[in-house]
Amino acid sequence: MNQVTQHEISITRVFDAPPERVYRAFVDPDQISQWFGPVGYSAERASVQIDARPGGSWCFDMVSDDDPAFRNTIDATVAEVVENELLDCYADVEGVPGAAGTLRIRLRLEFHAEPGGKTRLELWQGPFTEQMGADTKTGWESSFGKLDALL
């Protein structure tokens, strides 16, 4: 693996909803289409295909609200899942600046119950180039603002 692609991101976020609701927002096509994508982007409902089981898929197109011709396809395979607790996926991506060939990017989401019916979400994703990691982290944080509103 290329040295410039060693950067990983991690985000911890507490949501005011129980783990079952937060987890469902990641695996229910109707819900993910309502919140996924930073402000100005959305997951096109017609493109969402989620099969939350090992070997299943977590796929959809993120589309610019201003220019629907601009699309970013998320095409991940589910590696491990524990309902309401864990979603672990990977995607093989080509054309990543600073990386030669195909790059396997992993996304791991852990859903932890917190007092008061809340959920602590632990997210890890990478490897990325440093800039791609920073951009991805900013995108997740914006998306989580939309998820807060949905929950």
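Q: In which strand is Ala79 found?
A: Ala79 is found in strand 5, where a strand is a DSSP run of E of at least two residues and a helix a run of H or I of at least four, both numbered from the N terminus. The model is predicted, so local features need pLDDT of at least 70 and side-chain atom pairs count only at pLDDT 80 or more, while totals for chains, interfaces and linings use all residues. Residues are numbered from 1 along each chain as its sequence is written, and side-chain values use heavy atoms, with hydrogens and water left out.

Q: Why is Ala79 called partly exposed?
A: Ala79 has a relative accessible area of 40%, and the term covers what lies between buried (under 20%) and exposed (over 50%), judged with a 1.4 Å probe and protein chains only.

Q: Which residues is Ala79 in contact with, leaving aside its neighbours within four places in sequence?
A: They are Pro54, Asp88, Cys89 and Tyr90, where contact means heavy atoms within 4.5 Å. Lys118 is 39 residues away from Ala79 along the chain, and their C-alpha atoms are separated by 26 Å.

Q: How far apart are Asp148 and Phe15 in sequence and in space?
A: They are 133 residues apart in sequence, but 6.6 Å apart in space from C-alpha to C-alpha. Leaving aside neighbours within four places in sequence, Asp148 is in contact with Arg13 and Phe15.

Q: Is the peptide bond from Gly126 to Pro127 cis or trans?
A: This bond is cis, with omega near 5 degrees, and the place of Pro127 is in strand 8.

Q: What pattern does the chain follow along the sequence?
A: The chain has three helices and eight strands, and they follow the pattern β-α-α-β-β-β-β-β-β-β-α.

Q: How do you know how compact the chain is?
A: Its radius of gyration is 15 Å, close to the 15 Å that the globule rule gives for 151 residues, so the chain is as compact as a globular protein of that length. The radius is taken over C-alpha atoms, and the rule is 2.2 Å times the number of residues to the power 0.38. Of the 151 residues, 42% count as buried.

Q: What volume does the largest pocket have, and which residues are closest to its centre?
A: The volume is about 760 Å³, and of the 28 lining residues the closest to the centre are Met62, Asn72, Ile74, Gln125 and Thr136. A pocket is an open set of points on a 1 Å grid over the protein atoms alone, where a 1.4 Å probe fits, with protein on both sides within 12 Å along at least five of seven lines, and lining residues have an atom within 4 Å of a point. The volume is the space filled by probe spheres set on the points, which are joined across faces, edges and corners.

Q: Which element gives the most to the lining of the largest pocket?
A: Helix 3 does, with six residues.
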